[in-house]
Amino acid sequence: MRTSRIPVLAALAGLALLLLVLLAPSAGARATGIQDAAAALKQGPVYVHPDASDQLTEAQADALAQKIENADKPVFVAVLPDTSEFPEQNLLRDLRTQTGVTGLYGIRLGDAFDAGADRSVMSRDAVQNLVSSVSGPGVDANTQLNNFVDQALPVVGGSAPASWSGGSSAGTDGVPVGGLITLGAVVVAGGAGAYAVVRRNRKRKEEEEQEALEKLRVVVDEDITAFGEELERLDFHPSEKGADDAMRADYERSLDAYDKAKSLMGSARHPHDVRPVTEQVADGRFALAVLAARRERRPLPERRPPCFFDPRHGPSTEDRTWSPAGGSSREVPVCSADAARLDAGQDPEARTVETATGRRPYWEAGPAYGPWAGGYFGGGLLPGLLMGTLLGSMLATPAYAGEYGGNEFEGGDFSGADFSSGDFGGGGGFDGGGFGGGFGGGDFGGGGGF
């Protein structure tokens with residue numbers, strides 16, 4: 001008996017149809033609860049459960065999803081009813097597990113909010129600060145979730161997962177058929193064209209990142225040099241008269257921070273690699289401040305962020321109200337010298353950097369300085385400090401997040417349930433603006449890093 005040859009395309013089309021049949025569940029087998037939310041988040045960044053549609057309209061959900069997709073960041077948002085279908089205990093971790101994609105996850109559960117992230121895309125402290133900054137009594141879902149996304153996009157690492165295909169952001173009673181159809185189309189048509197676009201965009205991004213990194217290198221090298229000069233001026237000798245173990249430990253920490261900062265900067269390949277460098281410099285300067293207080297028998301200083309106007313001034317000692325040119329007032333951490341200048345009606349000694357129009361304060365410079373400032377004023381602190389400034393405006397845009405927010409390979413990868421719960425951290429629970437104890441700070445590595 002003769003058999004006909006089946007063309008390759010016909011075979012692929014048959015395979016695609018078979019996939020659709022196998023993957024699409026029957027009408028009576030629809031998943032519920034967390035499974036529904038996870039399935040939707042695989043197709044798009046925002047999911048609104050039908051019973052929570054009064055919290056976020058379809059138009060608001062679509063606008064929020066578009067913002068995240070434009071930034072190409074692995075940020076997931078779920079709006080869920082506070083019912084037994086979504087138990088608070090381990091809710092974030094379970095949603096992350098079933099979605100199976102590395103990223104930052106925010107959940108609005110009834111009127112409460114909490115978030116968690118894989119540590120590769122956002123630190124534990126950053127998530128805690130972020131949750132705290134957007135939580136509060138009486139905040140409506142649309143305002144809260146937009147604030148969450150606006151503050152997260154500039155600092156979260158990684159890229160959006162490849163599975164996002166523009167599906168609806170609202171919850172439905174069906175299955176993500178659009179995603180299955182897309183899968184079939186990819187099987188039939190191939191992904192050569194899309195791959196070429198990705199490669200071209202990646203090359204452009206790499207070139208722009210290198211240009212930004214070179215700008216940062218100049219500023220960071222100045223910081224490291226100034227820190228090294230402070231170490232020399234201190235002139236501490238571990239064997240000197242009066243030195244004790246606590247002083248020696250402070251000195252050792254400052255030396256370690258100096259060495260780590262130099263090493264990290266030497267290996268930096270992307271702008272976001274600078275953030276841990278300035279974190280080390282800040283840690284080292286604080287260790288020096290503690291050592292100086294011990295030697296002089298003064299009360300030990302509390303841990304505070306560096307002076308906002310120039311981190312080379314060392315840890316801040318107090319807060320002062322300050323307004324940038326044309327901007328609104330805000331509280332900023334300042335050193336004692338800048339506090340005295342402000343009290344006397346004088347301008348603070350601001351850190352300036354090179355720009356196309358000459359040297360300007362860093363907050364009036366371009367987006368490349370975001371990672372540098374982020375290491376000094378990390379987490380939820382930085383957006384408030386820079387609100388209304390040129391750099392602050394750039395930090396809040398999806399364009400900044402797409403170019404400087406992080407390595408595209410850090411987030412958005414499919415891991416399924418194969419991830420360490422110790423590397424997934426949340427904001428602390430849904431209690432009083434949070435969920436109230438779900439996984440807070442323990443199951444996922446606490447406060448910020450999934």
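The crossing of helix H9 (residues 245–266) and helix H10 (residues 275–295) is left-handed; a crossing is called left-handed if the near helix is turned anticlockwise from the far one by less than a right angle, and right-handed if clockwise. The model is predicted: local features need pLDDT of at least 70, side-chain atom pairs count only at pLDDT 80 or more, and totals for chains, interfaces and linings use all residues. Residues are numbered from 1 along each chain as its sequence is written, and side-chain values use heavy atoms, with hydrogens and water left out.

**Helix pairs**

Helices (H or I, at least four residues) and strands (E, at least two) are DSSP runs, numbered from the N terminus. The chain has 15 helices and 9 strands. Axes are lines fitted to C-alpha atoms, for helices over the stretch in contact, and angles run from 0 to 180 degrees between N-to-C directions.

| Pair | Angle between axes | Axis distance |
|---|---|---|
| H9 and H10 | about 160° | 8 Å |
| H2 and H4 | roughly 50° | within 8 Å |
| H3 and H6 | about 5° | 11 Å |

Angles under 35 degrees count as roughly parallel, over 145 as roughly antiparallel, 65 to 115 as roughly perpendicular and the rest as oblique. H9 and H10 are therefore roughly antiparallel. Contact means heavy atoms within 4.5 Å. On the H9 side the contact includes Ala-246, Met-247, Tyr-251 and Leu-264, and on the H10 side it includes Pro-276, Val-277, Leu-288 and Arg-295. The residues of this contact between H9 and H10 divide into 14 nonpolar, 3 polar and 5 charged. In this scheme Ala, Val, Leu, Ile, Met, Phe, Trp, Tyr, Cys and Pro count as nonpolar, Asp, Glu, Lys and Arg as charged, and the others, Gly among them, as polar.

Helix H2 (residues 34–43) and helix H4 (residues 91–99) are oblique to each other, and H2 passes H4 in a right-handed crossing. Ile-34, Gln-35, Ala-37, Ala-38, Leu-41 and Lys-42 in H2 meet Leu-91, Asp-94, Leu-95, Gln-98 and Thr-99 in H4. By class, the contact of H2 with H4 has 6 nonpolar, 3 polar and 2 charged residues.

H3 and helix H6 (residues 141–152) form another pair. The two helices are roughly parallel. Gln-60, Leu-64, Lys-67 and Ile-68 of H3 make the contact with Asn-142, Leu-145, Asn-146, Val-149 and Asp-150 of H6. Those residues comprise 4 nonpolar, 3 polar and 2 charged.

**Buried residues**

Of the 450 residues of the chain, 45% count as buried; buried means under 20% relative accessible area, exposed over 50%, and partly exposed in between (1.4 Å probe, protein chains only). Among contacts between residues at least 6 apart in sequence, 70% join residues at least 24 apart.

Val-77 lies in strand S2 and is buried, with a relative accessible area of 0%. Beyond its neighbours within four places in sequence, Val-77 touches residues including Leu-41, Leu-64, Ile-68, Leu-145 and Val-149. Leu-41 belongs to H2, while Leu-64 and Ile-68 of H3 and Leu-145 and Val-149 of H6 take part in the contact between those helices. From Val-77 to Gly-44, 33 residues apart in sequence, the C-alpha distance is 9.4 Å.

Trp-372 is found in helix H12 (residues 370–376) and is also buried, at 0% relative accessible area. Leaving aside neighbours within four places, its contacts include Leu-216, Val-219, Val-274, Pro-311 and Tyr-362. The C-alpha atoms of Trp-372 and His-272 are separated by 8.2 Å, although the two are 100 residues apart along the chain.

In helix H11 (residues 336–343), the buried residues are Asp-338, Ala-339, Arg-341 and Leu-342. Seen down the axis of H11, they fall within an arc of 160°, so they line one face of the helix; the arc is that of the directions from the helix axis to the C-beta atoms. They pack against strand S5 (318–322) and strand S6 (330–334).

**Positive phi angles**

H11 is followed by Gly-345, whose phi is positive, near 80°. Asp-72 is not a glycine, yet has a positive phi of about 55°. Asp-72 sits in the loop between helix H3 (58–71) and strand S2 (75–80), and is partly exposed at 37% relative accessibility. Asp-235, in the loop between helix H8 (192–234) and H9, has a positive phi near 55°. With a relative accessible area of 46%, Asp-235 is partly exposed.
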